[in-house]
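Morning, everyone. Please bring up the sequence and the coordinates, and we'll walk through them together.

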Amino acid sequence: MNVSCEKSSIFAPMKQGMIFAAGLGTRLKPLTDTMPKALVPVGGKPLLWHVIGKLKAAGFERIVINVHHFADQIIDYVAENNNFGIDIRISDEREQLLETGGGIRKALPLLDEKSPVLIHNVDILSNADLDRVLEVDGEAALLVSSRQTKRYLIFDDAMRMRGWTNIETGEVRPEAMKGFLLQDSELNVHCSMLAFSGIHVLRPSLYPLLREMPERFGIMDFYLKYCQEHVLRGCQQENLQLIDVGKLDTLEKAEEFLTVSK
């Protein structure tokens, strides 16, 4: 079911984002033996350059970047570019990688806690309309698409997130959602399985819940813990083009993507 993003009446006092750049980038070896994934070049510019540019062009005033692998290279790159003319802050995870959820939790003091935060993986290039994701009505908004993958998020007919499944292993979380996925179930017509893009928004009402989580955790575990009692919505964008530059064989495709998407 193709449900477009719906606008909310909530407008943020500050447009702020966080770029996940702390990962080891093991799938991009040997390039990441000498540099962080964030600085791997695509089209002659580092991935980080592309993502910062996208957020800046969308009017984001503040960006937090988390760092771990070759952290100094990222810090120096941002400084050499004069913070790209905006408020860029570094969340230092050099002591320990905190995973996606823990990374956001650690970055909270660097954010305006009265405003939503848009999270963007550094290895995602897309034509996503970031404003539309920010405007979705819900405590969180996850940009999703119908592309083929092994892991899907489960949404009801109001595009509210209800669970997650791995179609290769058959795992479903929470267990209660299994009934929705049975092919002969009447409930099956009321759910959609969509792939997560690596772009999502959290609203301030979720920040206290993040603080209650352990120091290190995945953001999807957080979403699955609270999706039954809090409104987390999926957002689909018509004609979304997206590429995950996570592996060596996608670098050439990413070069083509930049050319075509201009």
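Predicted model: local features only at pLDDT ≥ 70, side-chain atom pairs only at ≥ 80, totals over all residues.

When I say contact today, I mean heavy atoms within 4.5 Å.

His120 sits in strand E6, residues 117–121. Which residues does His120 touch, leaving aside its neighbours within four places in sequence? The list is Met18, Ile19, Phe20, Val51, Lys54, Leu55, Leu130, Gly198 and Ile199. Is His120 buried or exposed? His120 is buried, because its relative accessible area is 1% and the cut-off for buried is under 20%.

Now step back to the whole chain. The protein has 262 residues, and 51% of them are buried. Its secondary structure comes to 8 helices and 14 strands. Take the contacts with a separation of 6 or more: 75% of them are between residues 24 or more positions apart. The accessible surface is about 12500 Å². Carbon and sulfur atoms account for 49% of that surface.

Next, the largest pocket. Here is the idea behind looking for one. Rolling a probe the size of a water molecule over the atoms shows where empty space is left. In this model, the largest pocket holds about 1400 Å³ of space. The lining has 41 residues, and the closest to the pocket centre are Arg27, Asn121, Asp123, Arg151 and Asp244.

Which elements supply at least two residues each to that lining? There are two helices to point at here, H3 at 99–107 and H7 at 219–226. E12 gives the largest share, with 6 residues. By class, the lining has 18 nonpolar, 13 polar and 10 charged residues.

Move to Gly218. Gly218 is in the loop between H6, residues 207–211, and H7. Gly218 is buried, since its relative accessible area is 9%. What does Gly218 contact, beyond its neighbours within four places in sequence? The answer is Glu99, Thr100 and Gly101. Leu98 and Gly218 are 120 residues apart along the chain, yet their C-alpha atoms are separated by 8.2 Å.

Start with E10, residues 161–166. Of its 6 residues, 5 are buried, so E10 is largely enclosed by the rest of the structure.

On one side of the pairing story is E9. E9 and E10 run antiparallel, joined by 5 bridges. Ile154 stands opposite Gly163 in E10. The two strands form a hairpin with 4 residues between them. Within that turn, Met159 has a positive phi of about 60 degrees.

Then E11. E10 and E11 also pair in the antiparallel sense, over 3 bridges. Trp164 stands opposite Arg173 in E11. E10 and E11 form a hairpin too, with 4 residues between them. In this turn, Gly170 has a positive phi of about 85 degrees.

The peptide bond from Arg173 to Pro174 is cis, with omega near -10 degrees. Pro174 lies in the loop between E11, residues 171–173, and H5, residues 178–181.

Pro30 is in the loop between E1, residues 16–20, and E2, residues 41–42.

Last stop: Asn83 and Phe84. Asn83 is in the loop between H2, residues 71–80, and E5, residues 87–92. Phe84 lies in the loop between H2 and E5 as well. Asn83 is not a glycine, although its phi is positive, at about 55 degrees. Phe84 is a residue other than glycine too, with a positive phi near 55 degrees.

How do these two stand for exposure? Asn83 is partly exposed, because its relative accessible area is 27%. Phe84 counts as buried, because its relative accessibility is 13%, and the cut-off is under 20%.

That's the tour. Comments, please.

Terms used
Residues numbered from 1 in each chain as written. Heavy atoms only, no water. 1 Å grid on protein atoms, 1.4 Å probe; cavity = no way out; pocket = protein on both sides within 12 Å on 5 of 7 lines; lining within 4 Å. Points joined across faces, edges and corners; volume = space filled by probe spheres on them. Nonpolar A, V, L, I, M, F, W, Y, C, P; charged D, E, K, R; others polar. Buried < 20%, exposed > 50% of the residue type's maximum accessible area, 1.4 Å probe, protein only. Areas by Shrake-Rupley, 256 points an atom, 1.4 Å probe, with all protein chains shown as cover. Pairing = 2+ DSSP bridges.
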